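Hi,

Here's the structure I said I'd pass on.

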Amino acid sequence: MTDPTNQTAVAMEPTIGWALDRAADTNGAGVATIDIGTGERRTWREVKSRCDAVSAGLLAMGLESGDRVGVLMLNSARHLELWFAIPGAGMVMNDLNFRLAPDELRFICDDCDVRALFVDETFLDVARALRDQVASLDTIILTGPAREVPDDVIAYETLIDTAPVPLPSASAQDLAAIFYTGGTTGRPKGAMLTHRNLTSNALHMSVKAQLEQRDRYLHAGP
């Protein structure tokens, strides 16, 4: 049992960023992601570099630690990168359920004051409508391999060119994400999850599934 008075043990408790750092350090040349949609393959070292660059890009936009950043996308390798990049910038990820109606998405973005929204091409028109309706939302980042995008949005891949900057240090107790409940009897409610919540769930899943380094995991979200 961990001694709650042992500050060293508490300081070493894993965060989302720690998990990516460890993978890059111990298996940097290993395959991290294979995007079935685009055919792109990346190593753990490449994924970490890209995530750090997106984190730096968010900070360069003027967003601050604690700001809410929405994600409205289909399953993809870039979607996975945002799970590391947004908390890596000290911000809070709001991963939106794309099956919700536009009014439900508007309520959620407005309720937690989403400031920036990552979308893929599928949901670009929805994102533009949300930007018109949600007072806090003023920035749309269009994911995908293209660097040439409409003038009213930012190309995701241009963030990869952001110069490295010192990123905020996170603790296991810090808020990492907000996920909204189904709201079957009323409006959805935001469940606030810390780095500890998310890393603990991932560890439990990996133990239950008996995952090993040689295994490949197919994520068919949501």
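When I say two residues touch, I mean that they have heavy atoms within 4.5 Å. Keep in mind that this is a predicted model.

Let's start with Trp44, which lies in helix α3 (residues 44–60). Not counting residues up to four places away in sequence, Trp44 touches Leu20, Ala23, Ala24, Asn27, Gly28, Gly30, Val31 and Ala32. Its relative accessibility is 23%, so Trp44 counts as partly exposed. Asp67 is 23 residues from Trp44 in sequence, and the C-alpha to C-alpha distance between them is 27 Å.

Now the ring pairs. Searching the whole structure turns up three aromatic pairs. One of them is Phe98 with Phe123: the ring centres are 5.5 Å apart and the planes sit at 35°, so this pair is tilted. It links distant parts of the chain, 25 residues apart, with Phe98 in the loop between β4 (92–95) and α5 (102–111) and Phe123 in the loop between β5 (114–119) and α6 (124–133). Phe98 is partly exposed at 23% relative accessibility, while Phe123 is buried at 10%.

Phe118 and Tyr156 also form an aromatic pair, this one edge-to-face, with 6.0 Å centre to centre and 75° between the planes. Phe118 is in strand β5 and Tyr156 in helix α7 (residues 156–159), so the pair ties together parts that are 38 residues apart in sequence. Both Phe118 and Tyr156 are buried.

One last item, a charge over a ring: Arg187 lies over the face of Phe107, 4.7 Å from the ring centre.

Cheers

Methods: Residues are numbered from 1 along each chain as its sequence is written. This is a predicted model: local features need pLDDT of at least 70, side-chain atom pairs count only at pLDDT 80 or more; totals for chains, interfaces and linings use all residues. Side-chain values use heavy atoms; hydrogens and water are left out. Helices (H or I, at least four residues) and strands (E, at least two) are DSSP runs, numbered from the N terminus. Buried means under 20% relative accessible area, exposed over 50%, partly exposed in between (1.4 Å probe, protein chains only). Rings of Phe, Tyr and Trp (its six-membered ring) pair if their centres lie within 6.5 Å; planes under 30 degrees apart count as stacked, over 60 as edge-to-face and the rest as tilted. A charge sits over a ring if NZ of Lys or CZ of Arg is within 6 Å of the ring centre and within 35 degrees of the ring normal.
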